[in-house]
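Please look at the sequence and the structure shown here. The paragraphs below go through it step by step.

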Amino acid sequence: MNFYTTILGSGAALPTVARHCSGQVVNINGYRILLDCGENTQTQMRIYHQKMQSMATICITHLHGDHFFGLPGLLSSMHLCGRKNPVDIYAPEGIANAMTTFMQAAGSHLDFELRYHELSHTEGSQLLFENQLCRIFAFPLVHSVPTYGYLIEEKPRGKNPARRYAYCSDTGYTESFLPHIHQVDLLCLESTFDNTFASVAAEKLHCTAAQAATLALKAEAQQLLLTHISARYKEPDKLLSEAQAIFPNTLIAADGGTYEVHYGKLN
Ligand SMILES: [Zn+2]
Ligand SMILES: [Zn+2]
């Protein structure tokens, strides 16, 4: 079964030509889930052949602009292209009010239903969604506003174990969510800074590459994918080498890159 993510934006708060703001599409055997929707996500979808009308489930990690400012535009385009099917949006509290205010101010009308599922804080992991292919869980991260990581778990088929993919952005270094991502097959984690900016990372509640690698190691993840790369890194080799020194099986996300969730225990 196919299980992979296509990165639409691997940058941090300030988009660049090479790295757009956060957004990615997880594909499980044709079922697509949009994780975050930063500015320009819909254009990136067109460039990287992700059909917007096939998206019915959208999960937003938090209400910083680089993670959801693309949502009004994407939804408007869905309407303009004739969408009738509902869209489910999972996000922290406040998304419904923010979107309603924005759409009313813009005089926007949608011919399809938006179903908001606002997440409220719990220490544990919450099951949000389940279909015949997968389940989606949310769990709290540590950031300057309420923020959730998402775990997508495939349903086991035959003798294969169920693969699991986790997306954690944005977060400061904390071990509080490690139980929720234990032994994931692919861990996509923010890595905004290199080691020389460790104090800035701590202050702004982001991770350095080394911290991301440490979390991957402690979680016993199979593979680490770094994302949310600061615009200051034109060539992020420094981030990659700092992470690989701690967790060798590390990749850096690139816009347009597709990353498969491998069967970690079978390889
Ligand atoms: Zn961010
Ligand atoms: Zn943020």
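Helix H4 (residues 95–105) lies across strand S5 (87–92) and S6, and runs at about 140° to S6. Helices (H or I, at least four residues) and strands (E, at least two) are DSSP runs, numbered from the N terminus. Contact here is a matter of C-beta atoms: two residues are in contact if these atoms, placed from the backbone, lie within 7 Å. Axes are lines fitted to C-alpha atoms, for helices over the stretch in contact, and angles run from 0 to 180 degrees between N-to-C directions.

The model is predicted: local features need pLDDT of at least 70, side-chain atom pairs count only at pLDDT 80 or more, and totals for chains, interfaces and linings use all residues. Residues are numbered from 1 along each chain as its sequence is written, while chains are lettered from A and ligands numbered from 1 in the order in which they are written.

Now take the chain as a whole. It has seven helices and 14 strands. Its radius of gyration is 17 Å, close to the 18 Å that the globule rule gives for 267 residues, so the chain is as compact as a globular protein of that length. That radius is taken over C-alpha atoms, and the globule rule is 2.2 Å times the number of residues to the power 0.38. Along the principal axes, the C-alpha atoms fill a box of roughly 50 × 45 × 35 Å. Of the 267 residues, 47% count as buried. A residue is buried if 20 or more other C-beta atoms lie within 10 Å of its own, exposed if 12 or fewer, and partly exposed in between, with C-beta atoms placed from the backbone. Among contacts between residues at least 6 apart in sequence, 64% join residues at least 24 apart.

Strands S5 and S6 belong to an open sheet of seven strands with mixed pairing, in the order S6-S5-S4-S3-S2-S1-S14. Its edge strands are S6 (114–119) and S14 (258–260), each of which pairs on one side only. The twist from one strand to the next averages 20°. Two strands pair if DSSP finds at least two bridges between them. Strand S3 (residues 31–37) and strand S4 (residues 57–59) run parallel and are joined by three bridges. Within this sheet, Leu35 stands opposite Cys59 in S4.

Helix H3 (residues 71–80) has Leu71, Leu74, Leu75 and Met78 buried. Seen down the axis of H3, the buried residues fall within an arc of 95°, so they line one face of the helix. The arc is that of the directions from the helix axis to the C-beta atoms. An α-helix has 3.6 residues a turn, so residues three or four places apart point the same way. The buried residues of H3 pack against S3, helix H1 (41–47), helix H2 (65–68) and H4. After H3 comes Gly82, whose phi is positive, near 90°.

Another open sheet of seven strands has the order S7-S8-S9-S10-S11-S12-S13, also with mixed pairing. Strand S7 (126–130) and strand S13 (250–252) stand at its edges with a single partner strand each, so one side of each is left without a neighbour in the sheet. Strand S9 (residues 148–154) pairs with strand S10 (residues 164–168) in the antiparallel sense, over four bridges, and Glu153 stands opposite Arg164 in S10. Helix H6 (residues 209–219) packs on the sheet, touching strand S11 (186–190), S12 and S13, and its direction makes about 150° with that of S11. Helix H7 (residues 237–244) also packs on the sheet, touching S12 and S13, at about 165° to the direction of S13.

What does the largest nonpolar core contain? It has 71 residues, of which Leu187, Leu189, Ala212, Ala216, Leu224 and Leu226 touch the most other members. Such a core is a set of buried Ala, Val, Leu, Ile, Met, Phe, Trp, Tyr and Cys residues joined through C-beta atoms within 7 Å. H6 gives the largest share of this core, seven residues.

Thr227 lies in strand S12 (residues 224–227). Is Thr227 buried or exposed? With 30 C-beta neighbours inside 10 Å, Thr227 counts as buried. Beyond four places in sequence, Thr227 touches several residues, among them Ile7, Ser10 and Ser169. Thr227 and Gly9 are 218 residues apart in sequence and 8.5 Å apart in space, C-alpha to C-alpha.
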